[in-house]
Amino acid sequence: MAKERVIYKKPESLTDVPFTYCWGCGHSMAHKLIAEIIDELDMREKVIAVAPVGCAVFAYDFWDFDVTEAAHGRAPVVATAIKRVHPDKFVFCYQGDGDLASIGMAETIHTANRGENISVIFINNTNYGMTGGQMAPTSLISQVTTTSPYGRDVKNAGYPIKMLELLSPLQGVKYLERVKLTDVPSIVKAKKAIKKAFVNQLTNVGFSMVEVLSACPANWKKDPVKANKWIDEEVSEYFPVGKIKDIT
Amino acid sequence: MRKGRIKIDRNRCKGCMLCIDACPKGEIKQGTAINKAGYNVVEFRNNGECNACMLCAISCPDAAIEVIEIIEDVKK
Ligand SMILES: Cc1ncc(C[n+]2csc(CCOP(=O)(O)OP(=O)(O)O)c2C)c(N)n1
Ligand code: SF4
Ligand code: SF4
């Protein structure tokens with residue numbers, strides 16, 4: 001009789017609650033990769049995640065480890081407090097681009113500048129997903145959103161902010177990498193980058209951030225395959241993937 | 001050739017079709033079943049072509065695919 005062996009399955013760090021994100025949403029893939037890494041590092045009992053306001057506000061339903069919630073944009077300061085009080089815990093922030101680059105810009109910059117020993121996973125889907133696809137600081141030039149119906153005009157909205165390039169000169173910042181999730185090789189690279197950011201914290205290296213170019217098929221009004229194509233052709237043109245800084 | 005099969009969790013699948021795009025063997029198709037959340041889930045064709053490469057499962061954002069390797073008995 002033939003023997004069977006399971007070689008890939010849902011990670012232990014995910015609950016049995018199906019993700020409520022839209023089909024093909026980058027949040028789902030990012031959640032899955034984080035759960036796989038926490039399994040691989042065998043540290044589920046040690047993790048405290050800080051979830052954002054935005055679509056990922058429900059992250060605690062899906063991750064089978066401790067997750068707390070922060071007010072909009074305040075995840076890095078909540079994480080700072082938790083990590084300082086519990087330096088033996090593994091603390092990471094999970095934030096959207098509206099959360100991290102708009103309302104939470106001050107917290108992001110000062111936390112990075114202080115070189116807090118935390119890891120930040122930054123989900124850049126070029127809009128405010130949860131509230132209906134409004135323009136974010138990261139929306140592309142000419143991108144049509146519900147608050148830029150004629151496309152983002154740099155004359156009145158400025159240029160899309162490249163967060164990693166902005167944080168890069170700060171001395172407290174040790175590791176910055178931008179990744180995408182559009183095909184298997186990119187997913188494998190993204191997982192490697194997130195794992196490195198996590199290991200940096202475990203080895204007391206200091207502040208690390210991984211920016212994930214992430215699909216929002218619902219607000220982009222594209223199916224998941226076309227949404228990934230748009231990331232490959234347009235989003236990653238403006239936000240190039242790769243290491244921005246690594247002094248680990 | 002390595003042999004395999006996949007199991008699709010109908011409660012998690014959203015029919016996004018990223019796995020159909022990823023499978024080099026064309027072993028996955030859009031199905032007819034609708035799950036509790038209203039999604040039209042995908043189906044494993046089971047044409048004997050699956051080689052347990054895991055590309056579908058890695059591509060699945062919803063962790064809905066389990067990959068099983070089938071190890072044939074070597075006859076003495
Ligand atoms: C203080 C405050 N201001 C505004 C809001 C409304 N609000 C909820 S989610 C959101 C934007 C979320 O966008 P993003 O961070 O990009 O996350 P996504 O939903 O795209 O993952 C806003 C403005 C709020 N909840 N709290
Ligand atoms: S609105 Fe966008 S970011 Fe939010 S769950 Fe849907 S696809 Fe994901
Ligand atoms: S494991 Fe590989 S060959 Fe088998 S269904 Fe998935 S993608 Fe296709």
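Author: Two residues are in contact when they have heavy atoms within 4.5 Å of each other. By that rule, 31 residues of chain A and 30 residues of chain B touch across the interface. The model is predicted, so local features need pLDDT of at least 70 and side-chain atom pairs pLDDT 80 or more, while totals for chains, interfaces and linings use all residues. Residues are numbered from 1 along each chain as its sequence is written, chains are lettered from A and ligands numbered from 1 in the order in which they are written, and side-chain values use heavy atoms, without hydrogens and water.

The size of an interface is often given as the accessible area lost when the parts come together. Here chain A and chain B bury about 2500 Å² (accessible area for a 1.4 Å probe, summed over both parts), and 60% of that lies on carbon and sulfur atoms. On the chain B side, 23% of the area buried against chain A comes from Arg12(B), Ile58(B) and Pro61(B), more than from any other three residues.

There are also 11 residue pairs in polar contact between the chains, both residues being at pLDDT 80 or more. A polar contact is a pair of N or O atoms within 3.5 Å; within protein, one must be able to donate a hydrogen and the other to accept it, and residues adjacent in sequence count only if both atoms are side-chain atoms. Salt bridges (a side-chain nitrogen of Lys or Arg within 4 Å of a carboxyl oxygen of Asp or Glu) number 2 across this interface. Arg5(A) forms a salt bridge with Glu69(B), with 2.5 Å between the closest N and O atoms.

Technical notes
Buried area = accessible area lost by both parts, 1.4 Å probe.
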